[in-house]
Amino acid sequence: MATQRGRLLKRNYIFAFLILIIGFGGLLGYDLYFKPYVLSQTVVKIKVEGGGILPKNHELSANNLYLDSVQTKDVPAGYIRSLDQVERKITNVNLTDGSILTEALVDVNELEPQQDEGIFPIPKDAIYAINGSLRSRDKVDIYLVDEPAGSAPAAPADEGTPQELPARKVFLSAVTVNYVRTEDNNDVLDSENGNNNNRFTSTGKVAAPELKLKKSDGELLGVYLEQGKKLWIVRVE
């Protein structure tokens, strides 16, 4: 009887030990693998010597950046995933040491004008034609069109049918579109959730864009508009 009781006690000790080992193993696996690799994301953070502030319009270098692992629940929307996305980009706001970089904090798409650039609004009545699928961050070519006052854009003709077209020439190429506005000055997006369906729908009708231009190009564009020229704005990227 005593022998049987001893065997049961020994078996219980073994089970308890195995449960303890499995428990510790599970905790270690959670802390060392599951938590850092499955429940975390790699983000880019700001490094500022002395814990100071990196000012707005600062050009980021490798010395300002480092990679870190952050729990998924703490990762902000639009976060930057790699260093090469933001190296030599300009900050949109002041940033503190340890800040997680997002597309809103850094001019990833180079939309912010530099010292010799400006954001030039294009008047609706100056547009000869424009893509209805145009969105911010697109690139466009701008043609100057000599159109008689009061005439409408020429309709496409059937193949082989001659038609008279207004004289036109390329004025600027690969111009960045900063904003695309509707007539009531709202941004044109694919949907209320953003640009997410490859332009199959839109939140409004394209009325006029705002373009990032060299100031000298913007001034020359103004001269052409004063001369009555129209703009054919063509999406190329």
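This is a predicted model: local features need pLDDT of at least 70, side-chain atom pairs count only at pLDDT 80 or more; totals for chains, interfaces and linings use all residues.

Which residues does Phe171 touch, not counting residues up to four places away in sequence? The residues in contact with Phe171 are Ile142, Tyr143, Leu144, Asp217, Leu220, Leu221 and Tyr224, when residues up to four places away in sequence are left aside.

Phe171 is among the residues that touch the most other members of the largest nonpolar core, together with Ile122, Val140, Ile142, Val175, Leu211 and Leu231. This core holds 20 residues. Colour the elements that each give two or more residues to it: strand 7 (139–146), strand 8 (167–181), strand 9 (208–214), helix 2 (215–226) and strand 10 (230–235). Of these, strand 8 gives the most, with 5 residues.

In soluble globular proteins, nonpolar side chains tend to be buried together.

The protein has 2 helices and 10 strands. Followed from the N terminus, its elements occur in the order α-β-β-β-β-β-β-β-β-β-α-β. Among contacts between residues at least 6 apart in sequence, 72% link residues at least 24 apart.

To conclude, switch to a surface view. The accessible surface amounts to about 15400 Å², and carbon and sulfur atoms account for 53% of it. Buried residues make up 31% of the 237 residues.

How values were computed:
Residues are numbered from 1 along each chain as its sequence is written. Side-chain values use heavy atoms; hydrogens and water are left out. A nonpolar core is a set of buried Ala, Val, Leu, Ile, Met, Phe, Trp, Tyr and Cys residues joined through side-chain atoms within 4.5 Å. Buried means under 20% relative accessible area, exposed over 50%, partly exposed in between (1.4 Å probe, protein chains only). Helices (H or I, at least four residues) and strands (E, at least two) are DSSP runs, numbered from the N terminus. Contact means heavy atoms within 4.5 Å. Accessible areas come from the Shrake-Rupley method with a 1.4 Å probe; for residues, only the protein chains shown count as cover.
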